[in-house]
Each structure stands twice: as C-alpha cells, then as structure tokens.
Amino acid sequence: MEPLTDTETMMAAACDWLAGQQTEMVECLKTLVNIDSNSYDKAGTDAVADVIVEWLEADGIAVRRTSRPDSGDIVEAWLEGDGSDAAKGHVLMMGHRDTVFPTGTVAERGYTQQGDTAFGPGVADMKSGLVLNIFVLRALKHLAPLPFPVRVLFTADEEIGSRDGTAFIREAASGARAVLNAEPGRISGNVVTGRKGGAAFLIEVSGKAAHSGVSHEAGASAIEALARKIVKLHALTDYDSGVTTNIGLIEGGISRNTVAPSATAQLDTRFVTNEQRVDLLAAIETIIAEEEVPGTQATIRQTSGFLPMEPTMSEALFTRYRAQAEKLGFNVGGEFTGGCSDAGTTASLGIPTLCGTGPVGAKMHTDDEYCRLETFLPRAQAVAATIIDLAVEGA
Ligand SMILES: [Zn+2]
C-alpha cells in the first residue's frame, strides 16, 4: 500500500505547513478585509486582486489575470501537478472577492478582533474563504506535485448574481473532478451540501392611460393587470417542494385619478432542483402572457439567477471531506440552505461540488458579521487533505 503511505505523508506535511501559518493567515485576512470591495466597485475588487496576485506570485505560483471592462478582473491561480492522473480532471477551489458593503465601510469599521472572533466587512463572506483557498494552494505548492492540476478562481461579482463571473466559473470548472467553494462554514460548523437555486425577474406591464373620472372605460389599467398576475405568481409557492415566489417591489401609475398606463414589479424565485426551475419558469411565462385586462400586455426579463446545488452532487465529496475532518479531530455535517451561491453553477454542470468550506462565520451581510478564527486552521487542513485524498484510487 505504498501510494496510501505517500498520501498520508503528504497530508501530514500539508497540515504541518498550514499549522505554522496561523498568524500569517489572520494577517492576510486583516489586509483583505481592510480593502473596500463592493461588487460595483471595480477599483476595490481589483485592489483585492492586486494583493492576492502579489502573494501568490511571491510563492512562485502561476497566476492569470483577465481584465474585465465593467466588473472586477478575474484571477486564476494553479499548480500543474505531474500529469499522471490528469485525465479525470483537476480540482477547483472558488471564491468571490466582492462584498455587499458600500465603499467607505472600511473607514467606518475596518477589521477588528476580540479574542478568536474577527469582525469587519466581508470578514466571513468571504475574505476568510479567499485566504483559506490561498493558503491551501500554497500548502500544496510546498509538496511533491499532485497527479492532477489544482486551480483556484477568484471572481468579483457573486453578490450581484455573478453576471460577469459565471462564464469564467463554467470555464474553470469544466472537466473538474471536484469543486470546493469556500463560502463561510455554517455556525454549526457544518459545510453546505445543498443550495436552492434562484432567479430574479423584472416584469413590465403596459396599458392605456385615461382620466379616471371623465373616460374611465377608455383606459386599460396596467396596475390591475399586474395585481392579478401577482396573485397568480404567488400561488406558485409550494413550501413542501421548496419552490417560492415573491414579488418584493412594485411601481406604477401616474396619478390617483389616471387609469395606470404602466406598472413594474420585481420577482424573486427559489427552487431546489433544475427540473423545478424549468417547470416554474414555464408557469411564470404563461401567467405573464395572459391578458388580464383587455388592452394590457406584459413582458418579463430575467435579471439574475443561480442554478441550484442539488444535494446528490455533493454526497460523495462530502463523505470524503467528512472523513478527513474526523481524522483532524472535528465533526462536520452537511446542511441545506435556501441561499444561492456559485456552487450551484458548478453542481449544475454535473461536477461534484461542496460549499461552505471556508472558516465558520455568521451574520453575513450585516454590520455584526463575524468569523471564528479558531476554525481557520482545521478547515484549511480539511480542504488540503480532501484534495490530496482525491488522488487516491477511487477518486
Ligand atoms: Zn459569499
């Protein structure tokens, strides 16, 4: 069983190297948190990229940066491996550099630390995950080459639906044997083994204006048509199957005494499987096409969307990860969440995907967001060991 011995030796070496990097990991987290990087702030997300590229290149790791005109640049780093088992594909680690916090947040409340808890914009979601991925790659770089390439992708617009990033994610994941997405670990310590997909839409209804006192019958109310559609759209919600629809914003009309010539609404949808997604979109289109009020018509346009991460796509990879976590001394379960992420994109390509492999965090997208620093090392070690374990026969 010589190969197994090699594997265990490599795992031990990677874990030892990581154990010596704890102070530096926290320093790197502080550096990244203290750079504002809202999804719409290209200068900010690019500044985060500058630092990451510098760190990786300083360690002799190959990096490719693709400049993007309207979004933050795409950064990809990789280790080639020795090619002896490249046929079954590479391993991809992913993370997004953008946060939901507006530019200027760092000046108000930058990185702070109380004991083992770190605070600051994006500290959990997901700058700690970026640091974890960087250090795992660096740990692997210090070993003999793996039999397959390991790639790390750093995107810049996940929080606004990865409109620019999705194409790069699909490309980077294509042919991969496994994807590990370093979104924050759950407060329970669990990783994420399933996520709903979601799609957002803009609905626009047009009608005909008329004075509501003088010529009411000459008008066609876009607001009435929209209202009738909203009732039907909300009726598509089915908690048992996990499908939800929500009109969260509406606008319309000109004045109280004008039959409304226009109305718009924003629709949020969530679903558990791709099959549900297809059925739901068809049902929505039927509702939009119906002429609820004579003389009105409606259009619908998808504005963003994430595919679901179906739990079957994480099962085998999660089993592997959990075994490594147990060897490292921590128990981890898998959780399903209604929140979407880029993991749905890779899982929907049929690639085994595990999400929430980053350090444990909570209260994401709020001023109270925090990261549990004591989870940094074991979770980095578990990711490194899982990647090495993927080189074992049967991967
Ligand atoms: Zn995130």
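1. Asp125 and Glu183 link distant parts of the chain, 58 residues apart. Asp125 belongs to helix H5 (residues 123-141), while Glu183 sits in the loop between S7 and strand S8 (191-195). The model is a predicted one.

2. For reference, the ideal angle for four tetrahedral donors is 109.5 degrees.

3. Check the backbone at Asp125. The peptide bond from Asp125 to Met126 is cis, with omega near -10°. Met126 lies in helix H5. Most peptide bonds are trans.

4. Two positive phi values deserve a look. Ser162 is not a glycine, yet its phi is about 50°. Ser162 is placed in the loop between S6 and H6, and it counts as buried at 1% relative accessibility. Lys363, also a residue other than glycine, has a phi near 55°. Lys363 lies in the loop between strand S17 (361-362) and strand S18 (370-372). Most residues other than glycine have a negative phi.

5. Helix H6 spans residues 165-173. Which of its residues are buried? They are Gly165, Phe168, Ile169, Ala172 and Ala173. Seen down the helix axis, the buried residues of H6 fall within an arc of 125°, so they line one face. Their cover includes strands S1 (62-66), S2 (74-79), S3 (91-96), S6 (150-155) and S7 (178-181). Helix H10 (343-347) is also part of that cover. After H6 comes Gly175, with a positive phi near 80°.

6. Tyr111 makes contacts across the sequence. Tyr111 lies in the loop between helix H4 (105-108) and strand S4 (112-114). Its relative accessible area is 11%, so Tyr111 is buried. Leaving out residues up to four places away in sequence, Tyr111 touches Val26, Leu29, Lys30, Val33, Asn34, Ala118, Phe119, Val123 and Leu373. Tyr111 and Thr31 are 80 residues apart in sequence, but their C-alpha atoms are 8.3 Å apart in space.

7. Domain layout. The protein chain is divided into domain 1 (6-195 + 308-394) and domain 2 (197-306). Their C-alpha centres lie 38 Å apart. At the interface, 15 residues of domain 1 are in contact with 11 residues of domain 2.

8. How much area do domain 1 and domain 2 bury between them? The figure is about 960 Å², with 61% of it on carbon and sulfur atoms. Pro308, Glu310 and Cys340 supply 51% of the area that domain 1 buries against domain 2, more than any other three residues.

How values were computed. Residues are numbered from 1 along each chain as its sequence is written. This is a predicted model: local features need pLDDT of at least 70, side-chain atom pairs count only at pLDDT 80 or more; totals for chains, interfaces and linings use all residues. Side-chain values use heavy atoms; hydrogens and water are left out. Buried means under 20% relative accessible area, exposed over 50%, partly exposed in between (1.4 Å probe, protein chains only). Helices (H or I, at least four residues) and strands (E, at least two) are DSSP runs, numbered from the N terminus. The arc is that of the directions from the helix axis to the C-beta atoms. Contact means heavy atoms within 4.5 Å. Domain bounds come from an automatic or database domain assignment. Buried area is the accessible area (1.4 Å probe) that two parts lose on being put together, summed over both.
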